[in-house]
Structure formats: C-alpha cells, structure tokens
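The exercises below ask the reader to work through one protein model in steps. Please look at the sequence and the 3D view first, and then try each task before reading its solution.

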Amino acid sequence: MSDTQTLIENRPPSVAGLFLERVTATPDAEAYRYPVPSASGEGPDDWKSLTWAQASERVHAIAAGLIELGIRPQQRVALASSTRLEWILADLGIMCAGAATTTVYPQTNTEESAYILSDSESRVLIAEDAAQLAKAREKKAELPDLTHVVVIDATGADTTEDWVLTLGALEALGAARLEKEPELIKERVGALTKDQLATLIYTSGTTGRPKGVRLPHDCWSYMAKAIAATGLVTGDDVQYLWLPLAHVFGKVLTSGQIEVGHVTAVDGRVDKIIDNLPVVRPTYMAAVPRIFEKVYNGVAAKARAGGGAKYKIFQWAAGVAREYAKVTQDNFKRTGTASAPFGLSTKHGIADKLVYAKIREAFGGRLRACVSGSAALAPDIGYFFAGAGIHILEGYGLTESSAASFVNPGEAYRTGTVGKPLPGTEVRIADDGEILLRGPGIMEGYHKLPEKTAEVLESDGWFHTGDIGELSPDGYLRITDRKKDLIKTSGGKYIAPAEVEGQFKAVCPYVSNILVHGADRNFCTALIALDEIALTPWAKENGLEGRPYAEIVAAPATVEMVDGYVKQLNEGLQRWQTIKKFRLLPRDLDVEHGEITPSLKLKRPVVEREYKHLIEEMYDGSREA
C-alpha cells in the first residue's frame, strides 16, 4: 500500500478530530487572518490574526455553549452568514459539539430560509446580523424546532428576548460550562463516528425546492486527507478565502487547511477582493470562473480606455499568452518539460514586461496557483491567464460529492480539463456519456427524500452526476455539459450551450452573462447581459456617457458592437451551433431576482421564463434553417 493510500485509509472519523490534532501539533502557529474595519470607517482595514490555540479556545467555547443550550449529537444548527472568521469558528464549534451544520446563504429570502430551517429541523440558528435575525423572527411561529438564535454582529439587533443571544454570550455560556467540565469537548469529539451527520447543505438548485444533501463526518475527513495527498498545498501557503462558505466549494477548503496547517485569510466581501489581494498576498486562492472573466474583461477594458496603441499591445500580448500556454502545456504533456521555441519565448518575455507582470502584481505577486470550480472556465480565458503566469487549476465536484472530486495536478495541469480524480475517488463514463463517481466523498443521500436519492445513487455506491464528460487515456476529465442542459435542435443536432457561452465570454470583453437557447428550434439564439463596469469606458467613447445602463444597452451602437462579437464567435462554430439572433437584456442577471445561484450558476429555466417574450420575438415567424 502506498503512503498516499495509507494516509487516506487511516483517516480519523471526523474533521473535528483533525482540528484537535492540529491544535496540539502547532498551537502557536498562525491559523487565520481577518479584517477589522478602521475605527473611522475610512481607509484600509486592519488585519488581525488568530493562532490555532486561540481559535481552539473560541471553538471549544462555542461548542460548549451549544451543548449548554441543549444541543445533542447530530441535531442541526443552522448557520446563515457571509464568509467571515466567525463562520469557520461556528462551524467547527457545531462539529465539536457533535451536532451538524445546516448552511444557509445570507442572500436566501425569508420564505426559502424558513423552508430550510423547517426541513432540516434546525434547533439553533447562528445568524450573521439583524437582517438574518429578522427572517427567523418573522417565521418563528412556523419553526417549532427552533429554540434559539445566536447573533454574530448584534449591531441594530434586538437581543432582549430570551430566545435570542449574541455570539459573545454563547461563548461565555460555554466557557462557564467548560470550567465545570474541562474534558467535555474532547469527549464529544472522541464519541463521533464517521457515519454521523456533519453537514446538511441545501443545493441552491436551478429548478424547484432545494434538496438537503447529507454529508457525514467521513466525507470531510476524507477530503482533508485527499487534498493534502495531492501535494498542491503546503504548510507554508497563505490562502485567501472569500468564497461563500454556505457553498460546498468554500466549505471543503476549510477541511484541507486544517489538515495541512497553513494560514487562511478570510473575508467574504467580494467588492474587497481587488483591494485585499495586494495586502493578503496569497500563494493560492480558489474562485469561480465569473471572477476570472471579470478580471479579464477589466484588464481588456482598461487597455482599451488607454487608447488604440495600448489596446493593440494588450491584444497582441493576449494572443502570445494563449499560444505560449498551449505550446508549453502540450510540450509538458509529451516530454515532461514546459518548454517553448526561442521566438515564442522571446515574444513572451516582452509581453511579460509590458502586460503580464502588472496582472500578477494585482494578484499580490506571490500567487502560485488558483483553483477554479463550480462552473466551466472558458478555455481561452484559462489559456490567457496561464500564459500570463496565473496558473488556474480547474477542478470538479458537486455538493453531493463534497466538492473536490477532481483537480488538475500542479505543473501538469491542462487547461480545458478538470484534471484527475482525487486519490480514493473512482470515476467511470456511462454509455450515454454521463460521469459516474464513487468514493468516500459521496453523500449519504438527500435529507428525507429516499426516492430522489435512489434516482442518483446506486446500491453499489456509484453516483450519477448529471454531467456529460470524457476521459483522456491518461485519466484527465473534460466536462462537456450538464446532461439535462444539452440542447437538441428541431434538426436533430445536439448542442452544449455552456461550450458556446464559454467561447463568447472569451471573445467579448463586455459580456457578463449569456444564455444560449435552441431546444426544439431550428436555430440558436442568445440572451446577453453586459457588464456595466466594463461597458462604462466604451459608452464614454461612443457618446453614451452618463446614460443609465438600460439606455446604453438599447442604443443601436451597442447592439452593433455586440453583433460584431457574435459574428466573431460564429466563425469558430459549426453551422448548427451558430447564434442567428440575440437580444441584450435591460439589466444584468443576479441572485436577488433568482436568475443565478449564489455560486453564480445560471438558472436557465428562470431566465427563459423571465425573458420568454424576447425569445419568442427572435423566433416569431422565422423559417430560417
């Protein structure tokens, strides 16, 4: 048996156990960094740190406080908060109490929040602030299981009622309990078994009510050991964590960190990413494709705003980056060396000084790699960043597989693939192209939905992902589309809309979201939303400065500009894939309107329903083949 297999197969039953081991091993090492806004509210944040021992003190107090409130093993404690230090401490506290965390996105509306709290039978809600408390208060009569709400930031919150308390008060309760029973948490963690429920994550889903995915302690223990076994992260790393922790992609990163023991700087404010990167100076960071698209569009727009010469230099450098990435990756695949011909290397060196070095500096200057997941990254954008020295390792997984089933292997990464399975995870491709997974990261099932579980989970452990893909002879997986999202035109041709959408995002620097439509139609159309920030400099150049967004996108010049990019896209597509007509949307798609999920995935049925009139308009009276 290899060292890797031994490491994974001899894993402890829970991440709570791994956390206690980590605290014992490196109590004085830095564990977390977190921002504290300046007293005046202006100027840069002040970043503070917690050692593993300091984090442990708070985690133990939260765990003991929950036990004092009557929480028993496997009972659910809901956590409705954005990504912040307290989210991680609370989640660890819940696990160390032997309970299970129900994750709730802070953007979730009152109705759906109440549904999740009710369906999960959550006994306690740890709420970020007054807004999250208000949702629970409004629906309290419908939540008989909910006995307490604990508020992290009590500013403006009414905590006078006996069922509401602050996080500080919960920790004080726990500290008092630990004085009487100092071994309480060690005993609770010691009693955990690998099959006990650790996390209940409700899939935001692109249709219908969310389903609760039951992930036992063993899933996270396995993930922690498997991530460490890849060798992609080390104890010297600094991770910048801003992804939503209510999402499985964010959550899995906390498990890997505990096993490896590196520093994590945590701040979920997406509007602060650009400001934080030069301060945190991370060595690795996980993100979703939308972030890389925004950075790319921002760099392109800035170059364009700098005048014709600057934009030409950027376009040339972007082309060199893509060519360099493709050649070096291909050479590494064949020879194990990421080499390039002399002429290309010379051009790359010049482009590096003019363009790429500035991009790397904007990321903090120390970034070894980014991990991208949750949706497909357009290969042209991946190649651009690879050539610029920002190595994006695409990965793949689902809520049902604890997020990290595949990841690209370090230097041997291949843009356009999601890499190889994590050690201990099996994969096979079904006859219809569907990806099937089996391994310790797979869920126990859907909460209280045995029929839905049986639809996707076979008795021998194989999980049906619903994604279509293909494996290379040496084990790299490429995702081609969601099984249910494949479009079949009335002419009988199959089209993967995500592939076309990804290509358009690489071509058009102004796009924010695009939906390709064409099921049972005789040609494809698209609904396109533009990125307001990227569009602003273009609007200024074209006499549309200061106009509202809806007015800018309705302008003939804007439609003509986008039409040019659609024609450029179509040149690289098969005839039946081409976009014959498109409409620009009057606003961008967003989470608030339910058009994209909190993890920034497109909800196709919602968008198609909302803009049905535009879709019908494009097909009205048409007989085009």
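A residue is called buried when its relative accessible area is under 20%, exposed when it is over 50%, and partly exposed in between, with a 1.4 Å probe and protein chains only. This is a predicted model, in which local features need pLDDT of at least 70 and side-chain atom pairs count only at pLDDT 80 or more, while totals for chains, interfaces and linings use all residues. Residues are numbered from 1 along each chain as its sequence is written, and side-chain values use heavy atoms, with hydrogens and water left out.

**Exercise 1. Salt bridges**

Task: Find how far apart the N and O atoms are in the salt bridge of Asp267 and Arg269, and decide whether each of the two residues is buried or partly exposed.

Solution. Begin with the rule, by which a salt bridge is a side-chain nitrogen of Lys or Arg within 4 Å of a carboxyl oxygen of Asp or Glu. By this rule the model has 36 salt bridges. In the one between Asp267 and Arg269, the N to O distance is 2.9 Å. Next, compare the accessibilities with the cut-offs: Asp267 is buried because its relative accessibility is 5%, while Arg269, at 29%, is partly exposed.

Task: Which parts of the chain does the salt bridge between Lys294 and Asp531 tie together?

Solution. First check the contact itself, where the closest N and O atoms of Lys294 and Asp531 are 3.3 Å apart. Then place the two residues, using elements that are DSSP runs numbered from the N terminus (helices are H or I with at least four residues, strands are E with at least two). Lys294 is partly exposed at 38% relative accessible area, whereas Asp531 is buried at 6%. Finally, widen the view: Lys294 and Asp531 belong to a network of salt bridges that also includes Arg290, Glu293 and Lys505.

**Exercise 2. Cysteines**

Task: How many disulfides does the structure hold, and how far is the sulfur of Cys508 from the closest cysteine sulfur?

Solution. A disulfide is counted when a pair of cysteine sulfur atoms lies within 2.5 Å. The structure holds 0 disulfides. For Cys508, the closest cysteine sulfur is that of Cys524, and because it is 18 Å away it is too far for a bond. Cys508 is buried, with 0% relative accessibility, and Cys370 is likewise buried at 0%.

**Exercise 3. A nonpolar surface patch**

Task: Which residues make the nonpolar surface patch of about 340 Å²?

Solution. Patches are made of residues with over 30% relative accessible area and no salt bridge, where like charges are joined within 9 Å and nonpolar side chains (Val, Leu, Ile, Met, Phe, Trp, Tyr) within 5 Å. Areas come from the Shrake-Rupley method with a 1.4 Å probe, and for residues only the protein chains shown count as cover. The patch consists of Ile313, Trp316, Ile350 and Leu354. The elements giving two or more residues to this patch are α13 (308-335) and α14 (342-362). Trp316 sits in helix α13, and its relative accessible area of 35% makes it partly exposed.
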